[in-house]
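I opened the model to look up its layout, its core and a helix. My notes follow.

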Amino acid sequence: MAAAEWALKQDEIKNDPNGQWAIQATASSTYNDAQGTAGWSANQATGPPNVDKYGDDGAAWTSKTPDGGIEWLDLKYPKSVHATEVRVRESCGSGTVIKVEVFDEQGGAHAIWQGNDPTTGLNYLMVKFPKTTFKTDRVKVTLATNVVPGWNEIDAVQLVGTLYFNVSTFSALREWNLALIGSTTEEGMAKTVNHPERGDMTFRTIVETMAGHDINHLNQLDAIVAGFAR
Ligand SMILES: [Ca+2]
């Protein structure tokens, strides 16, 4: 990548108003069992990027052994957001990320990307996905460190997202749900599923309960709008 292009890309990422850097991190292992803010500790992947040159650097996280296999980095962020992207800045032995997950507020893991990491040199693995309906403030990056021989280091990980789930996204999801309900057979509607709090319910009952819930909120929204119009 041309130097000017790289500078622009970095600047854009650093100044992204929807981007945030991690404030806390844990890992499957660390080089020399580094703890706290020691070189190569998990916390070296928090904050904005601070490794400027491709290669081994204590300002990035790395695992205890270079080619041990599966390792992970688990990061916490200051704000819980509806996420749209995760940017993993790789700074040494790039190209070993195999999975990126975000966690909802109940702690459930959602794999937003799995595959072959195309990153080479000092660069970002940019994982884009449809905005999550849930909010998240936790990202887990899994690596297969044996894919690229030698140390595999992560300098920083940015979580991109917004505090609100906007109307256009809501509308698109609603269309999708209407199409699903419209194409479901009578037999499908009568199928029983287990709700974690309410127990066994038919698909029809769940749809009807959700619709009732929606009407309740729409009435509240109408009241708010009427308040503004006064
Ligand atoms: Ca760093």
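Before looking at a helix, I noted the terms: helices (H or I, at least four residues) and strands (E, at least two) are DSSP runs, numbered from the N terminus. The expected span of a helix is 1.5 Å times one less than its number of residues.

I noted that this is a predicted model, in which local features need pLDDT of at least 70, side-chain atom pairs count only at pLDDT 80 or more, and totals for chains, interfaces and linings use all residues. Residues are numbered from 1 along each chain as its sequence is written.

Entry: helix H2. I looked up residues 167-182 and found 16 residues reaching 22 Å from the first C-alpha to the last, close to the 22 Å expected at 1.5 Å a residue. H2 is hardly covered, with 0 buried residues among its 16.

Entry: overall layout. I counted 4 helices and 10 strands in the protein. The radius of gyration, taken over C-alpha atoms, is 22 Å, well over the 17 Å that the globule rule (2.2 Å times the number of residues to the power 0.38) gives for 230 residues, so the protein is more spread out than a compact globule. Its C-alpha atoms fill a box of roughly 60 × 45 × 35 Å along the principal axes. I found domain 1 at 3-162 and domain 2 at 167-229, with bounds from an automatic or database domain assignment. Their centres, taken over C-alpha atoms, are 36 Å apart. Of the 230 residues, 27% count as buried.

Entry: the core. I took a nonpolar core as a set of buried Ala, Val, Leu, Ile, Met, Phe, Trp, Tyr and Cys residues joined through C-beta atoms within 7 Å. The largest one has 34 residues, and Ala45, Leu73, Val141 and Val157 have the most contacts inside it. Strand S3 gives the largest share of this core, 8 residues. I listed the contacts of Val157 (C-beta atoms, placed from the backbone, within 7 Å). Beyond its neighbours within four places in sequence, Val157 touches residues including Ala45, Leu75 and Val141.

Entry: strand S2. In residues 24-27, Ala25 and Ala27 form the covered face, while Gln24 and Thr26 form the uncovered one. S2 runs antiparallel to S3 (residues 70-92), joined by 4 bridges; strands pair if DSSP finds at least two bridges between them. Ala25 stands opposite Leu75 in S3.

Key: A residue is buried if 20 or more other C-beta atoms lie within 10 Å of its own, exposed if 12 or fewer, and partly exposed in between; C-beta atoms are placed from the backbone. Two residues are in contact if their C-beta atoms, placed from the backbone, lie within 7 Å.
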